[in-house]
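Please look through the sequence and the model before reading on. The paragraphs below go from the chain as a whole to its sheet, its core and a few single residues.

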Amino acid sequence: MPAKSVRGEGGVVHGREMVGAYWRRQWEQLEPTVTPTAFSTEADGRIAVTVHQVVHDKTGAKIADHTVTHVYRLDRGSVSEMEIRE
């Protein structure tokens, strides 16, 4: 599945560079505050982090306030895949 937009529509990003690019776009285009609320390990070894995120655009207008789950696959200590579940 290709990466989705930075507006939090969910999706999967593969590879360290793509994950890094996703987060750089988030902070360039938006003002997100992401607060982890729970952590768990999935059956396949991925780490699931439930987060409350409040997102403002660069003018300060709130565009999102919700809970999502970020699921990370690690490879040799680095994030190799990130999935965002709405």
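What share of the contacts in the protein chain with a separation of 6 or more comes from residues 24 or more positions apart? The share is 35%, where contact means heavy atoms within 4.5 Å. The model is a predicted one, in which local features need pLDDT of at least 70 and side-chain atom pairs count only at pLDDT 80 or more, while totals for chains, interfaces and linings use all residues. Residues are numbered from 1 along each chain as its sequence is written, and side-chain values use heavy atoms, with hydrogens and water left out.

The secondary structure of the protein chain amounts to 1 helix and 5 strands, and its elements follow the order β-α-β-β-β-β from the N terminus on; helices (H or I, at least four residues) and strands (E, at least two) are DSSP runs, numbered from the N terminus. The chain has 86 residues, of which 34% count as buried, a word that stands for under 20% relative accessible area, with exposed meaning over 50% and partly exposed what lies in between (1.4 Å probe, protein chains only). Its accessible surface comes to about 5200 Å², and 52% of this belongs to carbon and sulfur atoms; such areas come from the Shrake-Rupley method with a 1.4 Å probe, and for residues only the protein chains shown count as cover.

The strands form an open sheet of 5 in the order β1-β5-β4-β3-β2, with antiparallel pairing, where two strands pair if DSSP finds at least two bridges between them. At the edges lie β1 (11-14) and β2 (30-41), each of which pairs on one side only. On average, neighbouring strands of this sheet are turned by 25° against each other, direction ignored; axes are lines fitted to C-alpha atoms, for helices over the stretch in contact, and angles run from 0 to 180 degrees between N-to-C directions. Helix α1 packs on the sheet, where it touches β1, β2, β4 and β5, and its direction makes about 55° with that of β5.

Within the sheet, strand β3 (residues 47-57) and strand β4 (residues 62-75) run antiparallel and are joined by 10 bridges, with alanine 48 standing opposite valine 71 in β4. These two strands form a hairpin with 4 residues between them, and glycine 60 in the turn has a positive phi of about 100°. Strand β4 also pairs in the antiparallel sense with strand β5 (residues 78-85), over 7 bridges, and here arginine 73 has glutamate 81 in β5 as its bridge partner.

Most residues other than glycine have a negative phi. Arginine 76, although not a glycine, has a positive phi of about 55°, and with a relative accessible area of 79% it is exposed.

Which residues make up the largest nonpolar core? It consists of 9 residues, namely Val13, Val19, Tyr22, Val49, Val51, Val68, Tyr72, Met82 and Ile84, a nonpolar core being a set of buried Ala, Val, Leu, Ile, Met, Phe, Trp, Tyr and Cys residues joined through side-chain atoms within 4.5 Å. Two or more of these residues come from each of α1 (16-29), β3, β4 and β5.

Glutamine 53, placed in strand β3, is buried with a relative accessible area of 9%, and its contacts, leaving aside neighbours within four places in sequence, are Thr33, Val34, Ala64, Asp65, His66, Val68 and His70. Glutamate 83 in strand β5 counts as buried at 18% relative accessibility. Its side chain makes a polar contact with the side chain of arginine 46 (2.9 Å), that is, a pair of N or O atoms within 3.5 Å of which, within protein, one must be able to donate a hydrogen and the other to accept it, residues adjacent in sequence counting only if both atoms are side-chain atoms. Not counting residues up to four places away in sequence, glutamate 83 touches Gly11, Val12, Arg46, Thr69, His70 and Val71. Threonine 69, in strand β4, is buried at 18% relative accessibility, and among the residues it touches are Ala48, Val49 and Glu83.
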